[in-house]
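Open the model in your viewer and keep the selection tool at hand. We will go stop by stop.

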Amino acid sequence: MKEKYSKKIKHETTKLSPYFKKEEAKTIKVETKIEQNLDGVDDLLDDDLRVLFVGINPGLTSAARGHHYAGPTNHFWPCLSESGLVNRKVTFTEDVNLPSLYRLGFTNLTARPSRRQSDLTLAEQREGIPVLNHKFETLRPRVACFVGKGIYEIYSGKRCSTMGLQPKEHNIKWSSGDGETVMFVMPSTSGIVTAYRKSDKLKFFQDLCTISLLQDEIYSLLNNQNHIKLKNS
C-alpha cells in the first residue's frame, strides 16, 4: 500500500508546473487524499541511545516509504554517513537497525504525516511535547537532536538564538535520577532549505558526534563513581 502511494506522489510531482495552475491544483488534491490514507512513521527507540533525532513530523514520502528522512533530496543520510556517528554509508532503508547498531534513534514531535509543516496547527504540535519529554526522561538518550530550528522553538517555547548545543538549563533530567538529556539543534536537512549548504549541515552532524561521545563518557564516569560509593558504603 505504501509503495503504491509513493508511486502516486512521484507521478503527480513530475507533472507539477508553475505554468499550469490546474495541474498544480490537481496535484495538491491528490496529495491531500494520499495524506489522509497514510500512517505515520514508527518511532525507532531504545534505552541509553547516544542520540535521539527529533523531527517535526513525517513528510509524505517518508510516510509512504515507512522510513525516516526518506525524501530523495533530504541531506540527512549523506550527512549522517560522513559524521562519525556511523562507520559506513547508511540510507533511509537501514533506519530500523540504527538503534541497535549505533545507538541512534528516531522520533517526531507530531506523528501525523503532512505535505508541509504549515499543514499542522501549533496546538497539534504542542500536544507532542509531554510525550517527547517522557521519552527523554525514561529512555535516557544522551543527546536529543532537533532537526530544525523551528521545531525546537515550538518545543522549548523560546527563541533559539544559536544552534548547536543548547544552554544547560534546557536539559531534561532522567526519572532514574542519574543523568540528563542535553539539547542540540541543527538546521533542517530538507533539500528545500537553502540557507545552509550540505557542507554546513555536515558540520552540525560532526559537532553532534563529538558532543554525544562526551556525554556518554560523562555518564559512564558518574555511573562508575556511584558504583564505587555503593560498594564502599
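**A contact to start with**

Select serine 114 and asparagine 57. Their side chains are joined by a polar contact of 2.9 Å. This is a predicted model. Serine 114 lies in the loop between β2 (104-108) and α6 (122-126). Is serine 114 buried or exposed? Its relative accessible area is 2%, so serine 114 counts as buried.

**Strand β1**

Now select residues 51-55, strand β1. Five of its five residues are buried, so the rest of the structure largely encloses this strand. Look at the side chains. In a regular strand they alternate between the two faces of the sheet. In β1, Val51, Phe53 and Gly55 point one way. Leu52 and Val54 point the other way.

Which strands pair with β1? Show β2: five bridges join it to β1, and the two run parallel. Then show β3, residues 143-147: it pairs with β1 over four bridges, also in the parallel sense. Click valine 51. Leucine 104 stands opposite it in β2, and valine 143 stands opposite it in β3.

**Helix α9**

Go to tyrosine 219, in helix α9 (residues 198-232). Tyrosine 219 is buried, with a relative accessible area of 13%. Show its neighbors: tyrosine 219 touches Arg142, Trp174 and Asp178, leaving aside residues up to four places away in sequence.

**Confidence**

Last, color by pLDDT. The chain averages 85, and 80% of the residues score at least 70. Residues 1-37 stay under 50. Where pLDDT is low, the predicted coordinates should not be read in detail.

Technical notes:
Residues are numbered from 1 along each chain as its sequence is written. Side-chain values use heavy atoms; hydrogens and water are left out. Buried means under 20% relative accessible area, exposed over 50%, partly exposed in between (1.4 Å probe, protein chains only). A polar contact is a pair of N or O atoms within 3.5 Å; within protein, one must be able to donate a hydrogen and the other to accept it, and residues adjacent in sequence count only if both atoms are side-chain atoms. pLDDT is the predictor's confidence in each residue, from 0 to 100. Contact means heavy atoms within 4.5 Å. Two strands pair if DSSP finds at least two bridges between them.
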